[in-house]
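Please read the following notes with the sequence and the model open.

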Amino acid sequence: MGEEETTEINEMIIKCPVCGVEGVATSVMKEIEIPHFGNVLETTIQCSKCGFKHSDVIALEHNDPAKYTLKISKDTLSVRVVRSQSATVTIPEIGVKVEPGPKSEGYVTNVEGILTRFESAVKKAMQLFGDEESQNNAKNTLAAIQELINGNETATLIIDDPFGQSNIVSDDVEITEIPEEELQHLKTGFSHIEDK
C-alpha cells in the first residue's frame, strides 16, 4: 500500500473494551489519503493482554450513492477495493452477498481479498449448517470461489454504497447511480429511530 499518504497519526494506550484491563490496549488512528478515493480514517485497537483486535476504515468524505461494478478475471484479482462500513458486496453469479450490519467494518483490500473473505464466510456457514443441502451448496460455492481465485472463471463484483464512500480503483470499473427504488432497500448498517 505504498501509494497512500499518511497525514496524521494519533496513538493512545487505553482500557481494553473486552477484558477491561486498564493500560493494556493500544488505539491507533491514522488519516490516510488514498489515490482516486480520498481521505479515510483507519482505526485499530489491539490488546496485548487478551488478544482483542478491531480494525475499521471510515471514509471522511461524503459522496452520492453509487454502484461500482467490475468484471472479476485473472487480470483484475489485484485491483484495489475500498469497502466502506455501509456497503453491500455481491457476486451474483455464485450467489454470495454481504450486507452491512451494526458491527460492519470498512476495509481496504483487493479483488482476491474480497474472494478470500467470502471463502472464510462460507466455511464458517458450513460449521453452522450441517444438513446435506446446505453442505452441498457451500461446497459448490467454495469451488466457484476457488475457480475465480485461480483465474479460471469470470464473474461480476458489485459494491452498492448508499453513501458513495467505497471504490474500486480501476479504469475498468463501471460507476453508476443507484436507482431510488433500490436505494430504499439497501441496508446501511446503521440503526434508525423513527418518530411515530
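How many nonpolar, polar and charged residues are in the lining of the largest pocket?

1. By class, this lining has 10 nonpolar, seven polar and eight charged residues. Here Ala, Val, Leu, Ile, Met, Phe, Trp, Tyr, Cys and Pro count as nonpolar, Asp, Glu, Lys and Arg as charged, and the others, Gly among them, as polar.

2. This is a predicted model, in which local features need pLDDT of at least 70, side-chain atom pairs count only at pLDDT 80 or more, and totals for chains, interfaces and linings use all residues. Residues are numbered from 1 along each chain as its sequence is written, and side-chain values use heavy atoms, with hydrogens and water left out.

3. The volume of the largest pocket is about 570 Å³. A pocket is an open set of points on a 1 Å grid over the protein atoms alone, where a 1.4 Å probe fits, with protein on both sides within 12 Å along at least five of seven lines; lining residues have an atom within 4 Å of a point. Grid points are joined across faces, edges and corners, and the volume is the space filled by probe spheres set on them.

4. Of the 25 residues that line the largest pocket, Arg83, Val98, Glu105, Tyr107 and Arg117 lie nearest its centre. At least two lining residues come from each of β3 (38–47), β4 (53–59), β9 (107–110) and α1 (111–128), and α1 gives the largest share, six residues. Helices (H or I, at least four residues) and strands (E, at least two) are DSSP runs, numbered from the N terminus.

5. The second largest pocket, of about 240 Å³, is lined by 15 residues, with Val96, Ala121, Val122, Ala125 and Thr141 nearest its centre. Two or more lining residues come from each of β8 (96–98), α1 and α2 (132–149). The largest share, five residues, is again from α1. Its lining has 10 nonpolar, four polar and one charged residues.

6. No disulfides (cysteine sulfur pairs within 2.5 Å) are found in the whole structure. For cysteine 47, the nearest cysteine sulfur, that of cysteine 16, is 3.7 Å away. For cysteine 50, the nearest is that of cysteine 47, at 3.8 Å.

7. The chain averages a pLDDT (the predictor's confidence in each residue, from 0 to 100) of 86, and 90% of the residues score at least 70. Over residues 190–196 pLDDT stays under 50, and the model has three contacts (heavy atoms within 4.5 Å) for them beyond four places in sequence. Where pLDDT is low, predicted coordinates should not be read in detail.
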